[in-house]
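Open your viewer and get ready to click along. Each stop tells you what to select and what is there.

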Amino acid sequence: MMRVRVDMTLCETHAQCVFAAPEVFTLNEDDELVYDATPDDAMSPAVEQAARACPVQAITVDWV
């Protein structure tokens, strides 16, 4: 099972993760990042791309 963590103290809401994996990462009405911490494993390529795309490297993907 994949677990996604975003360090919200690092996140600057560049939204590159939203473009890479919109099924997992979204922006709410206040332009704050919202994400699914336990997405389906089938989303792993997109989630890993989102983590790589983050300019401040705020996204961590763990396998449990």
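The tour goes from the whole chain to single residues.

**Before you start**

This is a predicted model, in which local features need pLDDT of at least 70 and side-chain atom pairs count only at pLDDT 80 or more, while totals for chains, interfaces and linings use all residues. Residues are numbered from 1 along each chain as its sequence is written, and side-chain values use heavy atoms, with hydrogens and water left out.

**Stop 1: the whole chain**

Show the chain as a cartoon. Trace the chain along the sequence, and the pattern reads β-α-β-β-α-β. The radius of gyration is 11 Å, close to the 11 Å that the globule rule gives for 64 residues, so the chain is as compact as a globular protein of that length. That radius is taken over C-alpha atoms, and the globule rule is 2.2 Å times the number of residues to the power 0.38.

Along its principal axes it spans about 30 × 20 × 15 Å. Now think about contacts (heavy atoms within 4.5 Å). Of those with a separation of 6 or more, 63% join residues 24 or more positions apart.

**Stop 2: the salt bridge**

Select Arg5 and Asp62. They form a salt bridge, with the closest N and O atoms 2.8 Å apart. The term means a side-chain nitrogen of Lys or Arg within 4 Å of a carboxyl oxygen of Asp or Glu. Side chains of opposite charge can pair when their charged atoms come close. Where do the partners Arg5 and Asp62 sit in the chain? Arg5 is in strand 1 (residues 2-6) and Asp62 is in strand 4 (residues 59-63), 57 residues apart. A search of the whole structure finds 1 salt bridge.

Arg5 is partly exposed at 43%. Asp62 is partly exposed too, at 26%.

**Stop 3**

Buried residues make up 30% of the 64 residues. In soluble globular proteins, nonpolar side chains tend to be buried together. A nonpolar core is a set of buried Ala, Val, Leu, Ile, Met, Phe, Trp, Tyr and Cys residues joined through side-chain atoms within 4.5 Å. Select Val4, Val6, Cys17, Val18, Phe25, Leu33 and Ile59: of the 17 residues in the largest core, these touch the most other members. Strand 1, helix 1 (16-20) and helix 2 each give two or more residues to this core.

**Stop 4: the cysteines**

Select Cys17. Its relative accessible area is 8%, so Cys17 is buried. Leaving out residues up to four places away in sequence, Cys17 touches Pro22, Phe25, Leu33, Ala50 and Ile59.

A disulfide is a pair of cysteine sulfur atoms within 2.5 Å. The count by this rule is 0 disulfides. Cys54 is in none either; the nearest cysteine sulfur, that of Cys11, is 6.4 Å away.

Stay on Cys54, in the loop between helix 2 (44-53) and strand 4. Cys54 is buried, at 11%. Cys54 and Cys17 lie 37 residues apart in sequence, yet 6.3 Å apart in space, C-alpha to C-alpha.

**Last stop: Ser44**

Select Ser44 in helix 2. Ser44 counts as buried at 14% relative accessibility. Beyond residues up to four places away in sequence, Ser44 touches Met2 and Trp63.

Methods. Buried means under 20% relative accessible area, exposed over 50%, partly exposed in between (1.4 Å probe, protein chains only). Helices (H or I, at least four residues) and strands (E, at least two) are DSSP runs, numbered from the N terminus.
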